[in-house]
Amino acid sequence: FAAGGVVVRFACFGSCREHFAGSINMAALPPDPKGWSVEDVKRWAMEVVGIKEEHAAKLVQQEIDGEALSEMTEARLRSVGVPLGAAVKLMKKIEGLGGGGGSSSAAAPA
């Protein structure tokens, strides 16, 4: 918009959907992330983190519920086929929930 002859543009860094819908969707989830179902994790991954449904489906295929999510690492996400970009976004949000089973560079268990 224009303010005093100056054009002002607003940019949304990160996931714009998160800024507008994330807090609403988080309210619909159980308060303790470790109590989330597989479907809760999928919904959170898509609506709050902003990853594609095809990547969230990989979490469902692996039966990642809230407890498993809290132990997730970037390497584990990558080992089940989640692309690097989506894995990085997920880890940032998982760490914000107080989870994350190790550093983002930790190796997946054998």
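Student: In which helix does H55 lie?

Tutor: In this predicted model, H55 lies in helix 3.

Student: Why is H55 called buried?

Tutor: The relative accessible area of H55 is 12%. Buried means under 20%, so H55 counts as buried. Leaving out residues up to four places away in sequence, H55 touches V82, P83 and A86.

Student: What is the overall make-up of the chain?

Tutor: The chain has 6 helices and 2 strands. Along the sequence the pattern reads β-β-α-α-α-α-α-α. Of the 110 residues, 29% count as buried. The accessible surface of the chain is about 6700 Å², and 55% of that surface belongs to carbon and sulfur atoms.

Student: What share of the contacts with a separation of 6 or more comes from residues 24 or more positions apart?

Tutor: Such residues account for 56% of those contacts.

Student: Why are helix 2 and helix 3 called roughly antiparallel?

Tutor: Helix 2, residues 38-49, and helix 3, residues 53-61, pack at an angle of about 155°. Angles over 145 degrees count as roughly antiparallel, and the two helices are therefore given that description. Their axes are 9 Å apart, and their crossing is right-handed.

Student: Which residues make the contact between helix 2 and helix 3?

Tutor: Helix 2 supplies V38, E39, V41, K42, A45 and M46. From helix 3 come E53, A56, L59 and V60. By class, the residues of this contact are 7 nonpolar, no polar and 3 charged.

Student: K42 has a charged side chain by class; is K42 buried or exposed?

Tutor: K42, which lies in helix 2, has a relative accessible area of 18%. The limit for buried is under 20%, so K42 is buried.

Student: What does K42 touch, not counting residues up to four places away in sequence?

Tutor: K42 touches E53, A56 and V60. K42 can also be placed relative to G66: the two are 24 residues apart in sequence, with their C-alpha atoms 10.0 Å apart in space.

Student: What makes helix 2 and helix 6 roughly perpendicular?

Tutor: Helix 6 covers residues 84-96, and its axis crosses that of helix 2 at roughly 100°. The range for roughly perpendicular is 65 to 115 degrees, so the pair of helix 2 and helix 6 is described that way. The two axes come within 11 Å.

Student: Which residues of helix 2 and helix 6 meet?

Tutor: W44, A45 and V49 of helix 2 meet K89, L90, K93 and I94 of helix 6. This contact has 5 nonpolar, no polar and 2 charged residues.

Student: Where is W36 found, and how do you know whether W36 is buried or exposed?

Tutor: W36 is found in the loop between helix 1, residues 16-27, and helix 2. Its relative accessibility is 3%. Because buried means under 20%, W36 counts as buried. W36 and A68 are 32 residues apart along the chain, and their C-alpha atoms are separated by 9.6 Å.

Student: Why is S37 called partly exposed?

Tutor: S37 has a relative accessible area of 33%. Buried requires under 20% and exposed over 50%, with partly exposed in between, so S37 is partly exposed. S37 is found in the loop between helix 1 and helix 2.

Student: With which residues is S37 in contact, leaving aside its neighbours within four places in sequence?

Tutor: S37 is in contact with D65 and G66. For S37 and E67, 30 residues apart in sequence, the C-alpha to C-alpha distance is 8.8 Å.

Student: Where does E63 lie, and why is E63 called exposed?

Tutor: E63 lies in the loop between helix 3 and helix 4, the latter being residues 66-70. The relative accessible area of E63 is 62%. Exposed means over 50%, so E63 is exposed.

Student: What is the phi of E63?

Tutor: Phi of E63 is near 55°, a positive value in a residue other than glycine. Most residues other than glycine have a negative phi.

Terms used. Residues are numbered from 1 along each chain as its sequence is written. This is a predicted model: local features need pLDDT of at least 70, side-chain atom pairs count only at pLDDT 80 or more; totals for chains, interfaces and linings use all residues. Side-chain values use heavy atoms; hydrogens and water are left out. Axes are lines fitted to C-alpha atoms, for helices over the stretch in contact, and angles run from 0 to 180 degrees between N-to-C directions. Helices (H or I, at least four residues) and strands (E, at least two) are DSSP runs, numbered from the N terminus. Angles under 35 degrees count as roughly parallel, over 145 as roughly antiparallel, 65 to 115 as roughly perpendicular and the rest as oblique. A crossing is left-handed if the near helix is turned anticlockwise from the far one by less than a right angle, and right-handed if clockwise. Contact means heavy atoms within 4.5 Å. Ala, Val, Leu, Ile, Met, Phe, Trp, Tyr, Cys and Pro count as nonpolar, Asp, Glu, Lys and Arg as charged, and the others, Gly among them, as polar. Buried means under 20% relative accessible area, exposed over 50%, partly exposed in between (1.4 Å probe, protein chains only). Accessible areas come from the Shrake-Rupley method with a 1.4 Å probe; for residues, only the protein chains shown count as cover.
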